[in-house]
Amino acid sequence: MTRELDILIVGAGVVGLSIARQMSRYNLRIAVVEKEPDVAMGATKANSAIVHGGYAEHHKTLKGQLCYAGRRQFAQLCRDLQVPFKPCGSLVATEQENDRPHLESLLDNGRKNGLDDLEIIGQDQLRQLEPEISPRMRYALWCRGAGICSPYELAIALAENAIDNGVAIYLNQPLLAAEWQPERHRFSLSTPDHHFLARYAINATGLAAAEVRSLIGEPPYSIQPRSGQYLLMQRGSGDRLRQVLFPMPGPMGKGILVAPTVYGNLIVGPDALDANGEADRSTDLDRLNAIWLQARHSNSALDPKEMIRSFSGVRAVATTDDFIIEMSSIRGWIDAAGIQSPGLTASPAIAERIEAIIRDDGLPLIKKDNWQPRRIAEAAMTGPLPYTMRDAADRATWPDGPERMICRCEQVEQQRISGLFQRVLPVLTIDAVKRRTRAGMGICQGQFCRPRVIEQINRYGQLYDDKTDAERLGLRRVDRTAWLAWLKENDVPS
Ligand SMILES: Cc1cc2nc3c(=O)[nH]c(=O)nc-3n(C[C@H](O)[C@H](O)[C@H](O)COP(=O)(O)OP(=O)(O)OC[C@H]3O[C@@H](n4cnc5c(N)ncnc54)[C@H](O)[C@@H]3O)c2cc1C
């Protein structure tokens, strides 16, 4: 059966979903198609989670113009959607006197981008703000309002809120064919199980954007995959750091950062390596080692033994090295492509820009009376965990029931998981449960809770395919055991 739409959005990352929510305020028929069995399975799930200041990208680029415009919306957005956000501030720190002019040019660029919460500080203030910073560091650019968030939770929340406001989301439905039908002024768009006729098609497919655009025969642009690897340290390690710490930026980006996560882990990375062809999401010891050494340079209190996981994310870098947000020569096809960093931060502003393109094209945008900005969710456990390890382990032995502990490390009770199956967005994979509850994100990385999570999915829903779980994809990732063995072999001090 064919479904008539005003807008079909292709790709359910943070960009596609921000657009879906933004446009859901209007009386329009909107759908999103996503090729994976959950939302936020691309760059949106594996990145640094920083809500960037907006000083690093040149003021003449779209990246520069949209970063701060997005950042300014984060506090309200995350309040409305009930997802974690912490405006903890960020520091670009250096030990070199001759880096000062570079800091000043970042400050100047930030001001041109509209920022009013930037200043250069010296060693004393730096030490006061961030006692853990290496004593070698002498100057820093301090951005008070930069912050940290939970990108995949934001995307899930955007999806749920968009659904509440009438948007349809189709998972496991890659866009396979697209054709402009001039006689109808509509795109004919097909996925394996659905066919749509839509006035507008929005391409928000990240790394696949060039390929998806080629479906309508438009001249392609080129998207370069650029991978970045990370080390994630155990919960609690992040409590020692107050801000996001950056080195001086380089030609490949903002450099290796050390930052707390909203759940109190520390994240260390990413490096940047251009891939030939398809980007690999594996991790390797050589790159992680180099990341570690660079991070140690700015932060003396990192303990390598706290590592619990390594992972890799892949940036979609356009040849222009800027966001591509524009209507193609086929009127109605809009690309949101090349959305590399700071695409997460800029996502609310990217959505507004798409809205402006559609408005300028003449589509009547009539506001709904009943648009609901808020999404109700269970509070995220971002603070200290309520039970001791011993109590949590004891609760894991309780008989089947709402308060039985499913995940001991992150203290996720059975009722938290069963509650997921009443929500508007389907939960089909182990990974989906993990990203909504944190079951499997602790120090044992799901070894204990995985069978219990599968049991819950099979009881309340239906397990789609456990091969979509990151651990089952055949990726070669350096795990804690390999990392600790490497530390020992190389005599790395803690
Ligand atoms: C290593 C790294 C670090 C980063 N750090 C930060 C940061 O700290 N702060 C920040 O602001 N930004 C950061 N970014 C950038 C940010 O993560 C991205 O800009 C953002 O997630 C892009 O979102 P997206 O929706 O465009 O793409 P994606 O999240 O990749 O979503 C694209 C979606 O399209 C789907 N798709 C693909 N093909 C099809 C098809 N044919 N049919 C249907 N669906 C399809 C994919 O499955 C995917 O879900 C980082 C990125 C990386 C990789």
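Guide: The count comes to 29 salt bridges. The rule: a side-chain nitrogen of Lys or Arg lies within 4 Å of a carboxyl oxygen of Asp or Glu. Side chains of opposite charge can pair when their charged atoms come close. A caution on the source: this is a predicted model, where local features need pLDDT of at least 70, side-chain atom pairs count only at pLDDT 80 or more, and totals for chains, interfaces and linings use all residues. Residues are numbered from 1 along each chain as its sequence is written, and side-chain values use heavy atoms, with hydrogens and water left out.

Start with R29 and D6. Their side chains form a salt bridge at 3.2 Å, N to O. R29 sits in the loop between α1 and β2 (30-33), D6 in strand β1 (residues 2-10), so the pair links parts 23 residues apart in sequence. Helices (H or I, at least four residues) and strands (E, at least two) are DSSP runs, numbered from the N terminus. R29 is partly exposed at 39% relative accessible area. D6 is buried, at 13%. Buried means under 20%, exposed over 50%, and partly exposed in between (1.4 Å probe, protein chains only).

Next, R71 and D117. This salt bridge spans 2.6 Å, N to O. R71 belongs to helix α2 (residues 62-71), and D117 to the loop between α4 (100-112) and β6 (118-121), so parts 46 residues apart in sequence are tied together. What is the burial state of R71, buried or exposed? R71 is buried, with a relative accessible area of 7%.

Strand β6 brings us to E119. E119 pairs with R144 in a salt bridge, and the closest N and O atoms are 2.4 Å apart. E119 lies in strand β6 and R144 in the loop between β7 (139-143) and β8 (147-149), so this pair joins parts 25 residues apart in sequence. E119 is partly exposed, with a relative accessible area of 25%. R144 is partly exposed as well, at 41%.

Last, a network. Salt bridges with shared partners join D38, R435 and R436.
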